[in-house]
Amino acid sequence: MINNDRIVPVVRTDLLTLLGTMFKIAGATIAAAESSAVGEFTVASASGNYIANEPVRKFNFASGTSAVVYFIADYEYDGFYIAGTKVTTTGTAVNTDGKTLYSATLSGGSAVAIAKVGF
């Protein structure tokens, strides 16, 4: 806490927008991934860094060889897909608590590794 006596509460924005702003402040090149339906995402050209604009239920990389997606899992999280085929992810197990930030790294166009971001 910078100043315990003059706290500015985070009430005028949502967590994902706040996280996206922090990535930009840190100098990260990141784009918002827009959902096509509630909790469902498809990224046509997967190369790049993304932050999902709402909790992820299903994320489909349509093509590409490398990408990083920052996301919060939906309570009904289904996982990651490549060209419509569900893939088994490696790394950290995803907690569907609706608040924990994760990164999903697509590498080689065929493998997705999950990592918890932060503490």
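Colleague: How many positive and negative side chains does the protein have, and how far apart do the centres of the two sets lie?
Modeller: This is a predicted model, so the values are computed from it. The protein carries 8 positive and 9 negative side chains. The centres of these two sets are separated by 5 Å.

Colleague: Which elements make up the protein, and in what order do they run from the N terminus on?
Modeller: The protein holds 1 helix and 11 strands. From the N terminus on, the order is α-β-β-β-β-β-β-β-β-β-β-β.

Colleague: Why is the protein called as compact as a globular protein of that length?
Modeller: For 119 residues the globule rule gives 14 Å. The protein is close to that value, so it counts as being as compact as a globular protein of that length, with a radius of gyration of 15 Å.

Colleague: What share of the 119 residues is buried?
Modeller: Buried here means a relative accessible area under 20%. By that cut-off, the buried share of the 119 residues is 33%.

Colleague: Is N60 buried or exposed?
Modeller: N60 lies in strand 5, which covers residues 58–61. Its relative accessible area is 13%. Because the cut-off for buried is under 20%, N60 is buried.

Colleague: Which residue's backbone nitrogen does the side chain of N60 reach?
Modeller: Leaving aside neighbours within four places in sequence, N60 is in contact with F41, T42, V43, Y81, I82, A83 and G84. The side chain of N60 comes to 3.4 Å from a backbone nitrogen, and that nitrogen belongs to A83.

Terms used
Residues numbered from 1 in each chain as written. Predicted model: local features only at pLDDT ≥ 70, side-chain atom pairs only at ≥ 80, totals over all residues. Heavy atoms only, no water. Helix = DSSP H or I, 4+ residues; strand = E, 2+ residues; numbered from the N terminus. Buried < 20%, exposed > 50% of the residue type's maximum accessible area, 1.4 Å probe, protein only. Polar contact = N/O pair within 3.5 Å; in protein donor to acceptor, adjacent residues only side chain to side chain. Contact = heavy atoms within 4.5 Å. Rg over C-alpha atoms; globule rule 2.2 N^0.38 Å. Lys, Arg positive; Asp, Glu negative; His and termini not counted. Charge placed at Lys NZ, Arg CZ, Asp CG, Glu CD.
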